Amino acid sequence: MIRFEPRVESDALWTAASFAMAIAAGLAASAILLASTGADVLQVFSALLQGAVGSPKAVATTLVKATPIILTGLATVIAFRAQLWSIGQEGQVFAGAMGGYLGAQVLAGLPPLLFFPGVLAFGMAAGIALGWLAAVLKNRFGVNEIISTVMLNYLVVYLLSWLLQGGPWGESGGTISYHQSPMLPNEAFLPGMFGSSRLHAGVLLPFLAAAICALVMSRTPLGYEIRGLGYNPEALRHKGVNINRTVTIIMLASGALAALAGAIELFGVAHRLRADNLIGLGYAGIIVGMIGGLRPLGTVFAGLFFGGLASGAVYMRVLGDVPAALVPAMQGITLFFFLCAGVVARYRIVRVAVQ
Amino acid sequence: MSQLFQEAIIVSILAATVRIVTPLLFSALGELITQRAGIWNMGVEGTMLTGAFAAYLAATATGSLWLAVLAAVLAGALMGAVIAFMTSLMRVDHFIAGLGLNLLAGGLTLYWFQSYIQGRAQPTFSGFQNVAIPLLSDIPLLGPVLFSQRALTYVALLAVPAVWFLLYRTRYGLELRCLGENPKALDVKGLSVTARQFAAVMLGSAMTGLGGGFLMLGFSDRFLADFTAGRGWIVVVALIAGNWRPRGVLIAVTAFAFLESLATHLQVIGAQVPHQLLLALPYLASIALLMGLRFRTGQPARLGVPYARE
C-alpha cells in the first residue's frame, strides 16, 4: 500500500519534477483533446510554436497578448497570496477600459506625456473603486469575496453593455447599434516601438509592475503582511496589524493592476471600447497567476507562455480549422495539472507494509 | 389596464417563476448535498455549464430529450468526481478547486462546441413542452402556475422533500451530514471519509448537472458561450441565504426566479428601464442579500476544511 505523507521541508528538485510532469501531462491531455476532434496534433503544435516565436512579428504579438494577462495575473498573485480569493479581475479589466475611455474624453488635447499617464490613471481609478467595494463588502458586511466579486463582475459587464447600447457611448450607424464605441482619435493610440505599430509601448508595463510587486512582496512591511495574512492571520492580528486595512490595500492594489490591463488593451490594441477584446482576460489572469506559483516572476513566465499560445492560435486559425477556444481549453487543462502538481510537490509517497 | 389583463400578467409572472426556478432548484439541492458533506464546491457554474452542453450534444445527436437528460446527469457526476478527486483526495483548497473546474469546463465546452458546429449551421432541437396534470391544472390561478409545467419541474418540486428525507431521515443522510460536521467521528468508526465524500459530491453534482441540462432542454434550442450566465453563482448565494436547509434553499431560489421572471415581464410590458438593469437585478439582489446575512448558524462546521487524519 502507498500513502501520502506531508513533506516537512520542500524539496526543490521534487517540486521542479512535479511541475515538469504537470506541463507534460497538460500537453499530452491537450493532444488528446485535439485528436478527439480529428485535428492533426503535430501540425497544430508546430503551427502554435511558429505563431508564438517563429518571426519578429510573432514575438511582438506574443508580447502584446501576454501584457494584459500578466497584469491580471499579478492582480491575482497579490490577492491570492493573502488567501483573498478575489476573482474580480474580470470586471476590473472592463472597468479599467471604461475608466480609460472616460479619461480620454476628459483629457483630450493634452500632450502625450501627460495624456497617457492620465488616462491609465483614470482606468486604474475605476478598478480601485471596484476593489474598494469588494473590500467594504468583506470587512463591513462579511460577504465572501468570491461571491461578491463574481456579482460585481456581472454588474460591470451589464454596465458596459448599457453604455454601448442604449447609453451615451455607443456608435450608431443608422438604426443599427454596433455594441462598441467610435474609434479613438489617432493621437490617443499608445505609440508603437521598434517601428512596429503593433508592438505598443504598453508591453513594458507588466514587467515594471512585476518588478514592483516582487519588491513589495519580499522587501516591505506590506509584503510581509500580505504573506502573513495568507499564512497565519491570527498571529498577524496579535502583532497589532489592522487586518481590515491590509485587506483593503490588497483589494485596491489588485483592482488597480487588473484595470491597468483593461486600459492598455483599450489604448494599445482595440482603440475603441468594446467587450470582445476584454472578455476572459481576468479569468486567464487567475490561471496565469496560479500557474506562476503566485509569484511575480513565475507569473511573468506563465503569462508569456499563454501569450505565446494566444498568438500561436491566431496564426493557426489562418492555416487551419482548429477552433479558437483551443486557448482557454488548454489554459484550463494546464491549470488542472498544475493544481495537482502543487499538491504532489508537498507530499512524499511512502510505501507502507500491509499487516 | 383591464382587470383581465392584469390577472393574465400575474399568472404569467408566477408560472414563469416556477419554470425558471426548476434548474436553480435542481442545482441548489445538488449543491446542498455536496456542501452538507463538507465540500465547499465553487464549481457549480462549471458543472451546470457542462450539464447543459452534454444535454445539447445528446439532444441534437440522438434527438431524444430523455437521453439528453441522462447525459446531463452523467456529465454532472463526472464533474463531481473531478471535484471530489481534487478536494477530498488531493486536498486542494476547495475554492481553488472549484474555480479551476469552472475555468476548465468553460474552455473545454467551448472548444468542443466550436468543433461540433464547425463548417455547418448550428444544429438545434425542440425542447420539453408543458405537461398539464388532469383536473389539477383546471384550478384557477394555481392550475396554470403549478400544474401546467414541464415534467421535470414536478420532479424538481418533489425533490425538495425527497432531499430533506434523505438528509434527515436516513442513515445515509446522517453519515453525510456527519462528513460536514465531524468527519473524525466517521473515521474513528472505521468508515471511509473519502469514499463517502466521493459518493456525496457525485450525487450532488449529478443533480447540479441535471439543473444545467434542464436549463438547456426546457428553455432553449441551442448552446451558446457562457450559456449558464452566472446561475451557478446564484445557486451558491441561495445556499448561504437558505442557511443550508432544503426549505430555506427553496425559498431563496424562488425569490431569485421571481426577480428574473419579473424582469422579463417588465420588458414585455414595455417599462421604460434599460434591459441591462433588469438583467442585473438578480446580481444586485445577491449582494444586498449577503450584506444582510452576516451571521448564519446552519453552515456545516467543517465546510471547506480538508479532512486529514492526525
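How many helices and strands make up the secondary structure of chain A? The views below come from a predicted model, and the legends start with this chain.

**View 1. Chain A as a whole.** The secondary structure of chain A comes to 13 helices and six strands. Its radius of gyration is 22 Å, close to the 20 Å that the globule rule gives for 355 residues, so chain A is as compact as a globular protein of that length. Along its principal axes, the C-alpha trace of chain A spans about 80 × 60 × 40 Å. Of the 355 residues in chain A, 51% are buried. Now look at contacts in chain A between residues at least 6 apart in sequence: 77% of them join residues at least 24 apart.

**View 2. The largest nonpolar core.** This core holds 215 residues. The members that touch the most other members are Leu260(A), Ala55(B), Ala238(B) and Val253(B). Helix H10 of chain A (residues 243–270) gives the core its largest share, 15 residues. In soluble globular proteins, nonpolar side chains tend to be buried together.

**View 3. Ala55(B) and its contacts.** Here we zoom in on Ala55(B), one of the core members with the most contacts to other members.

View 4. Is Ala72(B) buried or exposed? Ala72(B) is buried, because 34 other C-beta atoms lie within 10 Å, and being buried takes 20 or more. This residue lies in helix H3 of chain B. Leaving aside neighbours within four places in sequence, the contacts of Ala72(B) include Gly51(B), Ala54(B) and Ala55(B). Among them are also Gly209(B), Leu210(B), Gly212(B) and Gly213(B). Find Thr47(B) too: Ala72(B) and Thr47(B) are 25 residues apart along the chain, and their C-alpha atoms are separated by 9.4 Å.

**View 5. Arg91(B) in a loop.** Arg91(B) sits in the loop between helix H3 (65–89) and helix H4 (94–117) of chain B. Its phi is near 60 degrees, a positive value in a residue other than glycine. Arg91(B) is partly exposed, with 17 other C-beta atoms within 10 Å.

**View 6. Asp226(B) in another loop.** What is the phi of Asp226(B)? Phi of Asp226(B) is positive, about 50 degrees, although this residue is not a glycine. Asp226(B) is found in the loop between helix H9 (193–219) and helix H10 (231–241) of chain B. Asp226(B) has 14 C-beta neighbours inside 10 Å, so it counts as partly exposed.

Conventions
Residues numbered from 1 in each chain as written. Chains lettered and ligands numbered in written order. Predicted model: local features only at pLDDT ≥ 70, side-chain atom pairs only at ≥ 80, totals over all residues. Core = buried A, V, L, I, M, F, W, Y, C linked by C-beta atoms within 7 Å. Buried ≥ 20, exposed ≤ 12 C-beta atoms within 10 Å, placed from the backbone. Helix = DSSP H or I, 4+ residues; strand = E, 2+ residues; numbered from the N terminus. Rg over C-alpha atoms; globule rule 2.2 N^0.38 Å. Contact = placed C-beta atoms within 7 Å.
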